[in-house]
Amino acid sequence: MGKILIVFATRSNETKGIADLIGEGIRMAGHEADVKKVGEVKNEENLKGYDGYVFGSATYHGEMISSMKQLLFIAERAELKGKPGGAFGAFGWSGEAPGRIFDTMANIYGMSMVPAGPLMLKAGWVEGGMKASQEYGKDIAAMI
Ligand SMILES: Cc1cc2nc3c(=O)[nH]c(=O)nc-3n(C[C@H](O)[C@H](O)[C@H](O)COP(=O)(O)O)c2cc1C
């Protein structure tokens with residue numbers, strides 16, 4: 001059984017909802033999922049011991065939340081090369097954050113990113129949102 005870490009940044013918890021559903025999908029696929037708020041990851045040591053990583057942030061003013069930017073600098077030192085990865089986030093209209101996170105994981109860390117690309121949803125509870133989030137978790141679980 002593998003273990004996947006999901007880290008999310010949110011202001012009003014829609015991205016947390018998606019994170020929890022991705023975690024459910026990973027567990028449905030028979031693996032372990034840890035779902036953490038971005039502030040719980042203080043250094044690269046906190047990122048060790050996982051077989052895959054999924055990072056998510058809501059989009060505000062065309063960007064990811066700044067605490068997720070800090071996490072991405074921490075993750076740069078965590079030797080994630082070749083590990084399975086994915087990115088997600090709640091958005092209102094433009095949704096830049098998931099794509100930016102996804103590209104950093106691919107281009108800077110050299111991770112093996114989920115072919116589906118970043119998961120962008122208005123929220124986990126919108127029609128089809130639960131299934132899409134769970135499937136995203138299953139897709140990443142299938143890569144470990
Ligand atoms: C002040 C403000 C700025 C926002 N800016 C953007 C934006 O630039 N692009 C976008 O897609 N959504 C934007 N949104 C919408 C949020 O991304 C959306 O409400 C999302 O569900 C929030 O997720 P969260 O609950 O995880 O924080 C903005 C919302 C607020 C309140």
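Predicted model: local features only at pLDDT ≥ 70, side-chain atom pairs only at ≥ 80, totals over all residues.
Reader: What makes the largest nonpolar core a core, and which residues have the most contacts inside it?

Author: The term applies because its members are buried residues of nonpolar kinds joined through C-beta atoms within 7 Å. The largest such set has 45 residues, and those with the most contacts inside it are Ile4, Ile6, Ile22, Val54 and Phe55. Strand β1, residues 3-9, gives the most to this core, with six residues.

Reader: What does Ile22 touch, leaving aside residues up to four places away in sequence?

Author: With contact taken as C-beta atoms within 7 Å, Ile22 touches Ile6, Val54, Phe88, Ser133, Tyr136 and Gly137.

Reader: How do you know that the span of helix α1 is close to the one expected?

Author: The expected span is 1.5 Å times one less than the number of residues; for α1, residues 14-28, with 15 residues, this gives 21 Å, and the helix reaches 21 Å from its first C-alpha to its last.

Reader: Why are residues such as Ile18 and Leu21 of α1 called buried, and what covers the buried residues of α1?

Author: They are called buried because 20 or more other C-beta atoms lie within 10 Å of the C-beta atom of each, and Ile18 and Leu21 are among the residues of α1 in this class, as are Glu14 and Thr15. The cover includes β1, β2, β3, β6, β8 and α4.

Reader: Which residues come nearest to the ligand, and which elements give two or more residues to the shell around it?

Author: Of the 18 residues around the ligand, Ser12, Glu14, Thr15, Ala58 and Gly92 come nearest, while α1 and β4 are the elements that give two or more. By class, the shell has six nonpolar, 10 polar and two charged residues.

Methods
Residues numbered from 1 in each chain as written. Buried ≥ 20, exposed ≤ 12 C-beta atoms within 10 Å, placed from the backbone. Helix = DSSP H or I, 4+ residues; strand = E, 2+ residues; numbered from the N terminus. Contact = placed C-beta atoms within 7 Å. Near = placed C-beta within 6 Å. Nonpolar A, V, L, I, M, F, W, Y, C, P; charged D, E, K, R; others polar.
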